[in-house]
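Open the model in your viewer and keep the selection tool at hand. The tour goes stop by stop.

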Amino acid sequence: MLQLENIKKSFRQPNGEVLPILDLPSFSVKAGEQVALIGDSGCGKTTLLHVIAGIIRPDSGRIILNNFELSKFSEALRDALRADHIGYIFQTFNLLPAFSALENVKLGMAFARKAVDHARARRLLERVGLGHRLHNKPRAMSVGEQQRVAVARALANQPSLILADEPTANVDSRNQQNIIELIRESCLEENISLVIVTHSMDVANQFGRVDRLPEINLAVSQARAMA
């Protein structure tokens, strides 16, 4: 379903030096599989998700998603494929403050080729326990409720893959397990593959497959060996 081969990504620093961020020989996810990628800040977790999602292009390597070679696509085609095939749960939610919960979820549908499904948007919010909050705007909701809206929005277009970037980072400890269970159960119900990045072993331990990014990302392991 998802296959990465020889992915490399570097960024140029203000002093002109090139800083390698990713050097990933291989990474794959099967249809319906759930994977936790764990690592401390600076090991390339968010950059990897952005590369998989097509938000940024790798310097080299291949990204194959549902038989599409994403790494060959233009920015416009990557955006279109992301809208149709990938749901993204951001660490900071990225909800539009002027829009209600229902409007935020429907907006997530508006970028895909499918028609906006008003009934599905409502059902998703009911599934995440927000049937009574459909018309509330983010500022009138708790942090945990905002994260649930973000989960519903990621599911909106029935993607084949969901990418979750530290989805419990801004949620209190009482709600962390509930959010992870919600994401995992929702993906299981619709046979959606899931890749979640986290620095928390408490989160990672809820997954059957845990990959340690510093061990598979050669850019990190080589930098540590030279330090």
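Start with helix H5, which is mostly covered: 11 of its 13 residues are buried. Buried means under 20% relative accessible area, exposed over 50%, and partly exposed in between, with a 1.4 Å probe and protein chains only. This is a predicted model, where local features need pLDDT of at least 70, side-chain atom pairs count only at pLDDT 80 or more, and totals for chains, interfaces and linings use all residues. Residues are numbered from 1 along each chain as its sequence is written, and side-chain values use heavy atoms, leaving out hydrogens and water.

Select residues 143–155 to see H5. Helices (H or I, at least four residues) and strands (E, at least two) are DSSP runs, numbered from the N terminus. From first C-alpha to last, H5 reaches 19 Å, close to the 18 Å expected at 1.5 Å a residue. That expected span is 1.5 Å times one less than the number of residues.

Now color the buried residues of H5, among them Gly-144, Val-149, Arg-153 and Leu-155. Show what covers them: the cover includes strand E6 (86–89), helix H3 (101–110) and helix H6 (173–189).

Next, pick Ser-60 in strand E4 (residues 60–65). Ser-60 is partly exposed, at 32% relative accessible area. Ser-60 touches Asn-6, Ile-7 and Lys-8, not counting residues up to four places away in sequence. Contact means heavy atoms within 4.5 Å. Draw a distance to Arg-209: the two C-alpha atoms are separated by 27 Å.

Finish with the cysteines. Cys-43 is buried, with a relative accessible area of 1%. Cys-187 is buried at 1% too.
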